[in-house]
Amino acid sequence: MSATPDTVTTPTFQLDGEEIPFQPGQTIIQAALAAGKYIPHLCFHPEFKPHGSCKLCLVKISGRPAASCTTVAQAGLSVESEIPEVQDKRRTLVQMLLVEGNHFCPSCEKSGNCMLQALGYELGVMSPHFPQIFPVRPVDASHKEILLDFNRCILCELCVRASNEVDQKNVFALAGRGISKHLIVNSESGRLADTNFSATDKAAQVCPVGVILPKRVGFAIPIGKRKFDLKPISDPGASAGCAEHAEGGA
Amino acid sequence: MSFKLETAVYPEKLKRVAIEPVSRVEGHGKVTILLDENDQVHQVRLHIVEFRGFEKFIQGRPYWEVPVMVQRLCGICPVSHHLAASKALDMIIGAKLTPTAEKLRRLMHAGQMLQSHALHFFHLSSPDLMFGFGSDAAQRNVVGIISAFPEVAKKGVLLRKYGQEVIRHTAGKRVHGTGSVPGGVNKSLTVDERDQLLKDIYQMVAWSREAVQIIRGLFEKNLEEYNAFGRFPANSMSLVRADGAMDLYHGGLRARDAAGKVIFDHHNYEHYWEVISEDVKPWSYMKFPFMKAFGPDDGWYRVGPLARVSNCDFIPTPLADKAREEFLAFDAGRAAGATLGYHWARMIEMLHAAETIKDLLHDEDILGTDLMAKGERVQRGVGVIEAPRGTLIHHYRVNEDDQVIRANLIVSTTHNNQPMNEAIRQVAKQYLNGKKLTEGLLNHIEVAIRCFDPCLSCATHALGQMPLEVSLIDAKGGCLDRMVKNQQAASLTD
Ligand code: SF4
Ligand code: FES
C-alpha cells in the first residue's frame, strides 16, 4: 500500500498512554527521547549503534519485557515505562551495578556528573542492597593526560565502540567472562600510555561514569553547578542527546 | 620510660576499672584505672584506637581526589583535613594561591572554627561546667542545658549554624564539600551569598563575646577548683604568623616550654620532622609525638586552643586580642596554665573566628574570579593547619603519574595524647584516690579529656554524651561491678 503525500501521517506508538511519533527505523528510546520523554539508559548513546547490555532501558511492550534501545518502534505499540514493576527492576539493576564495582560517590570526582549516580537518585536507590563484591581493580595512571579508574566501570562498552568506530584506534576491549568480565587496554603492557590514545579522542569523552577522566581537573566544578545539580537526569535537557557524556570527568 | 601513674609496679595485684565508650565514630577511646584494695590509684591510661588505615587506602589514588577523600576521616572537622590536604597539594603542584583563593579558604576555615568550637562548648562541655562535674547525671546533658539555660543553648545552636553556613557558601555543602582544590578553590562568593552572611555576623561576634564572659564567670566562681583541676606543666606548640600573630591557616611552627621560653620559632613546617618525632608505647595504638630537642620523656607538648592562645604574641583581631590579654593576666596568669583554660582559650578563638569572618566579608577579594594557580611540580608536599583541636599535619608523596604513593598524617588528638594522659592522672590523683567510685567521680576523668576536645569525642558529638561502660575488675579478671552510663541525650544533637 503506497501513501500519497497528502495522506502521509507520522506513525506513532503509545508510551505510558502518550502518543509518541517516530521515523521508520527509529528505536523506541530514540523516538521517546526525541519527543522529550525520558527512558532511563546507560549503555545507549545517540551517536552509537545500540548495545543492549545494561538493560536499564527496559520497558514492557504489550505486556512483554524488552530493551527499548534495541527495539524498533512500530505503529500502534503500547509501551509501558514508568510503571512500578519496571522501575523496580531498573532499581535492582542499578543496585547490582553499584556492588559489582567500587563506587565511592562521596570522594568521586564524577559525582554530580555521573549517569549511574544520577540514575540512582532518579530511581530512589537508598542503599546498595546487595553485598559489596569489592573487586580489586588497580587504576592506570600511566597516561599523561587521562586517568583510568577501572573501579567504576559498568562495562557499557561505549569507550570500546567510540575508539573503534570514531577514533579508529581500538584502544579498549572487554576481557573475561561473567562476573570477572572487565575492561582492558589493548597494548602489550596493558597500560594506556603504551597505546596511541589521546585526550581528544571520542573515547575519552563518552564514559557515563567515572572511569576515563582528564587528569588534574577533578572537582573543578563546584557543588551546585554540576550537571545533575542543575537538572535531574530525567529532564529532557539533561538526557536528550546524552550531553552528559561531553562533560568528561570535570 | 614511664610517667608517674603510667605504669603500676605490680599491676596483677590491682583491680581494674575500664571507662569505655561503647560506640565509636572516628576513634575509640577507653580509660583504664588500676586500684588497690584501699582504692588507691596506681595506674591510669587513656587508650585511643587511632585510625591509620587511611594512609594505606589513599595509596595509588590520584592526588586531586585527596582533599575530598581525606575529609571523610572526620564528621566534625572535615574542613581541617580538606584544607590541610589542599595545602600539601598546592605545594606539590607548585601553586602560590591567588588572594581570592587564599581568603576564601581562610573564610571556610574560620567558619569551621566557629561551628566546631560552638558545638564543643555549648553542647558538649557546658553541662559539666554549668551544672558541676559531679552533678546529677540526669540533668548534666544538653537537654538539661536547654531547659535550665534556654538562651545560652539557643545561641550555641545559632553560632554553630552560622559557621556551617559559612562552610556551605565556600565549600558547596555544610559537611564534606569540595570547595578547596589543589591550587585554589572552585568557587567564590556571590554578592548575594556575601550579603546573607553579612546580615548576621555582628550578632555572631556579640554572642562570641558573651561566650568568653560565660567561661570567665565560671573561672571566677570556681577559682581554686578550675585552676587546680588536672593541672600539669607542659610545653606547647602551634603555628604563628611571621610577626608572631595567631594564624590558624598558615605560619611557622613555634614551641614554648612550660615557663614560656621559646624552644623553636618560625620553623618551616615543610620540614616538621626536623623538630618533632613520634614515640610508640606497648600499651597504646596511638603514637606519642615529642620535640626532638627534648626527647620523648620531656619533649611532649600540648596543641590546640590553650597552646595557641598562649603561644602567639597577639591575636590580629581586636576583641579577641583584648580577651586574650585578660585571659593571660587572670589570677596572675594561672588560668592560662590550667587544663580547664582550654575552654576559655577556645571561646577566645571562637571570637577571633567570628571577627575574621566579619573582616573577610568586607573584603572584595572574596567575590573575585581569579581562583586557581599552578607552578612547578614537585613530588613531596606538606600541609599544616591549626584545626579546631590543634596542629594538623598532612604529608604526601606523589609520583610522576599523579598518584599518591605515601601519606603521613599527624592529627591534633595525637599531639595531645600525652597531655590528655597527664591530665587524667592528675584528676585521678585529685579526685579518685581512696574513694568509692561513682558516676559523678568518673565523670571528672571525662571532663579532663573533654578539655582537649579530642577527636575520640566524635562519638560524643554524635551521641550528645560520651557513652561509657565502666567495669571494676579484680586481679583475676572477675567483674566486681559494672556501670553503664545513660545515653538520654542521644538523638538531640546533630
Ligand atoms: S570505561 Fe566507561 S565507557 Fe568504557 S566500558 Fe567502562 S563504563 Fe563504559
Ligand atoms: S540502554 Fe538499553 S540496554 Fe543499555
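Author: Two strands are said to pair if DSSP finds at least two bridges between them, and strands (E, at least two residues) and helices (H or I, at least four) are DSSP runs, numbered from the N terminus. This is a predicted model, in which local features need pLDDT of at least 70, side-chain atom pairs count only at pLDDT 80 or more, and totals for chains, interfaces and linings use all residues. Residues are numbered from 1 along each chain as its sequence is written, and side-chain values use heavy atoms, with hydrogens and water left out.

Reader: Which residue in S13(B) is the bridge partner of Ala387(B)?

Author: Strands of a sheet pair through backbone hydrogen bonds, either parallel or antiparallel. Here Ala387(B) has Gly390(B) as its bridge partner, and 8 bridges join S12(B) to strand S13 (residues 390-398) of chain B, the two running antiparallel.

Reader: In what order do the 3 strands of the open sheet in chain B lie?

Author: The order is S12-S13-S14 in chain B, with antiparallel pairing, and the edge strands, each pairing on one side only, are S12 (380-387) and S14 (404-410) of chain B.

Reader: How many residues of helix H3 (residues 115-122) of chain A are buried?

Author: Buried means under 20% relative accessible area, exposed over 50%, and partly exposed in between (1.4 Å probe, protein chains only). In H3(A), 6 of the 8 residues are buried, among them Met115(A), Leu116(A) and Leu119(A). The buried residues of H3(A) pack against helix H2 (84-100) and helix H5 (227-230) of chain A, where contact means heavy atoms within 4.5 Å. Just after H3(A), Gly124(A) adopts a positive phi of about 70°.

Note on methods: Chains lettered and ligands numbered in written order.
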